[in-house]
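Let's work through a few exercises together. Have a look at the model first, then try each task before reading its solution.

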Amino acid sequence: MFAKRSHLLNNINLHNNNNNNNGTSSANCHHDHGKCMDSCLQVATNVTEQKHHVTREIRGKNLGLCRGFRGCTVWLTGLSGAGKTSIAFELEAYLVSRGIPAYGLDGDNIRTGLNKNLGFTPADREENIRRVGEVAKLFADSGVVAICSFVSPFADDREVARKIHKDADLKFYEIFVDTPLAVCESRDVKGLYKKAREGVIKGFTGITQEYEKPEKPELIVSTDGFTIKESTQKVIALLEEEGIIPKTLRDVEKLPELYVQDSLKEAIINEAKSLPSVPITQVELQWVQVLAEGWAYPLKGFMREDEYLQTLHFNSILSEDGAFRENQSVPIVLSVTTENKEKLDGVSAITLTYDGKPVAILRKPEFFYHRKEERLSRQFGTSNSNHPYSKMVMESGDYLVGGDLDVIERIRWNDGLDQYRLTPNELREKFTEMKADAIFAFQLRNPIHNGHALLMQDTKRQLLERGFKKPVLLLHPLGGWTKDDDVPLPVRMAQHQAVLDSGVLSRDDTVLAIFPSPMMYAGPTEVQWHAKARMNAGANFYIVGRDPAGMPHPDKEMYPDGNLYDATHGARVLKMAQGLDSMEILPFRVAAYDKSVSRMAFFEPKRKDEFEFISGTKMRTLARTGANPPDGFMEPKAWKILAEYYQSLNKQ
C-alpha cells in the first residue's frame, strides 16, 4: 500500500468568517500559485445538491445515435510520452463516429484553462486530479464517455477520482498505459525528459519524482511495439465487455460474405437441385452479387418485410441489438409473380437460378405484397412509369420475397473486367498493403473530365494538409445496370485507364475498381447507398458532386429546371444522413472551363464571364460530330476513346 498523503485542505489554515454573507470560509494557502494567488481559497458552506428533471434513462433514450445511457469515465494514467493522449483521441474519434457522445479531457488542455492556476507541487497535483475527477463526473452524468489522459502519478489521487464516480453511481475505468520509461524518454515529443535530465524541470515524474503504478487497474495496455489503433482496440474491447459499447458497433476487420465455403459447395449444389426454383433477371443477379460480397452489410440476403419498411420510411435499418441504426436507403428486394408466390409459400428454401444455372439458395422465405406505387414514390419521389428504374419495378412481380442467402460461388461476368471487381474485403486488404491512412472514394457513372480530376486532386491536397501521410483515392465507377443512353462500362473503364496512363491521376495512390451495384437514378436517396457501400469497403472520406444520381424529370414540364431532384440536395442529405457517422462527407466545389487559362478550374462567380459550363449534352454532340472540346477539358487519349464510342453509334 502507498502511504496516504494529506489532502490539499490539510495543507492550509482554515478560519471561520461569520460575517461572510455568501456563507463561505476563507483559507490561507501555504504555497504560492503565482501572481494574485497568494492568500485565499473560498470554501462554500451553504450549498445543496439540485436534482435534475432529466434522468439518466431519458438521456440515454434521446441523446446520441446509440440508444442507452453510456456515461462513464475512462481514466488513462502513465508516464509522459506513454501514449495516453494518442489513445484518448483515437478512442474519442471511434466513439463519436458511432454515435456515442464522448469527450477527451487532456492534461495539457486542462492546465491551460480550468487548472491554469495550479503548479506541480504534490498539493497542486492532488487538486488538479480532484478537479478533473469532478468535471469527468459531470460529463459522465450527462451521458458522455469522459476520456481523461493524465499522468496522475499518485495512487491516492486516482483513488479520489474513482470515489467521486462511485459516490455518484457512475462507472470508472482506470487504464494503465504501461510503456517503459526508456521508450517514453526516447519519444520525448515535448522535450520534457531532456529538460528534466538537465535539471531545468524539477519534480518530473519518472526522473526525479516517483510514479506509483496502479495495483489493480481495469486494464493494462502498452504502446511499445503496438500501433495506437491496436492499443486503443484493447480499451474498446473492455468497454464492449462492460456494455458501454454494443458489440454490434465493432469495426469488422473482415466483412462476412454470403458465399458458401468451398468444402460445402458440392453439398449446396446438390441441395439446390432438389429445391423448387425461381429464375432471376440480370439486375437481380447484380443485387445477389452486392449482397454476397458485403456491400450491403449487415444484410444477410434479400430484405424481409420489416427491413423493407424501415428502408422505405427511415432510410436505415435497426441493428440486431436495437442499439443503433445502419444506413440503408434503398430497398434490395426480390420480386416474384403471384403464381410463384402461391406455389412456394410455406417452403423452407428456394433455389435462385440465372440462365438455368443455380446461383443461390434463399432460406426461410418470407413473402409480402409489392406495393409498387408506395415503393416508387418513397424511393424516387415519383411514380412516373417513364423513369428508367421505375419502369422495371412496375413490370416486376406483384409479391416480394425476402430471406437469407447462401450464394454458391463468386459471381463472374467474364467480360474482361472481372479483375476490377474487387470485393469490400479485397479493397480493404489493398488499402492496408498501400499503407493508406485515409481513403477517399469518388462515385461516378460517367467519363472523367479534368473537372472531376481537379476535384480529386484537391481532395488529396486537403487531406495532406490535415496531416494524413498516405491518402488513397478509390476511383469507383458503377458497374451494374445503367440506362441505355449512358456510356457502357467497358468504354468508361478504358477511358478511366487513359486518364491514369496520362498521369492526370496518380496510379501510385489510386485504386481503380468496379462497384457492382445497379444504377437507380434515385437522387438523394441513392447517394446514401453509394456512400454506405464505399464505407463498407473501408473508405472514410466520400466526395459528393453536383446532382448525384440525378436525372431529368420524365415530365420535363414538372419543375422549372426540368430535373427530378434539386442538384444540391444529394450533398446536403449526406451530411445529415443517419448511419454514415464513420465517413466524412467532402462537399464538391463547382468546376468549369476557365477560358482565361484554357483549363478546368474552380468556378469564381466574380469572373463568371470567363467560365464556360460544358454540359453532358454538349460533350456528346462534340464527340458524335468528331469535333474536339476546348484544350484542357479532358485528357486527349481519354477523349479519343469517348469520341470513337459515340461515332460508332452514328454508324449503327
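Two strands pair if DSSP finds at least two bridges between them; helices (H or I, at least four residues) and strands (E, at least two) are DSSP runs, numbered from the N terminus. This is a predicted model, where local features need pLDDT of at least 70, side-chain atom pairs count only at pLDDT 80 or more, and totals for chains, interfaces and linings use all residues. Residues are numbered from 1 along each chain as its sequence is written, and side-chain values use heavy atoms, with hydrogens and water left out.

**Exercise 1.** Work out the strand order of the open sheet of 5 strands.

Step 1: read across the sheet and you get β19-β18-β17-β20-β21, paired in parallel.
Step 2: check the edges. β19 and β21 (584-587) each have a single partner strand, so one side of each has no neighbour in the sheet.
Step 3: zoom in on one pair. β17 and β18 are joined in the parallel sense over 7 bridges, and Ala441 sits opposite Leu474 in β18.

**Exercise 2.** Find which helices lie across these strands.

Step 1: α15 lies across β17, β18 and β19, at about 150 degrees to β18.
Step 2: helix α19 (residues 569-576) lies across β20 (541-544) and β21, at about 155 degrees to β20.

**Exercise 3.** Which residues of helix α15 (residues 424-433) are buried, and what do they pack against?

Step 1: list the buried ones (under 20% relative accessible area; exposed is over 50%, partly exposed in between, with a 1.4 Å probe and protein chains only): Pro424, Asn425, Leu427, Arg428 and Phe431.
Step 2: name the partners, using contact as heavy atoms within 4.5 Å. These buried residues pack against α10, β17 (438-444), β18 (471-477), β19 (510-512) and α18 (523-536).
Step 3: go just past the end of α15, where Lys435 has a positive phi of about 60 degrees.

**Exercise 4.** Name the contacts of Trp287.

Step 1: skip residues up to four places away in sequence.
Step 2: what's left is Phe302, Ile332, Tyr389, Ser517, Pro518, Met520 and Trp529.

Key
Axes are lines fitted to C-alpha atoms, for helices over the stretch in contact, and angles run from 0 to 180 degrees between N-to-C directions.
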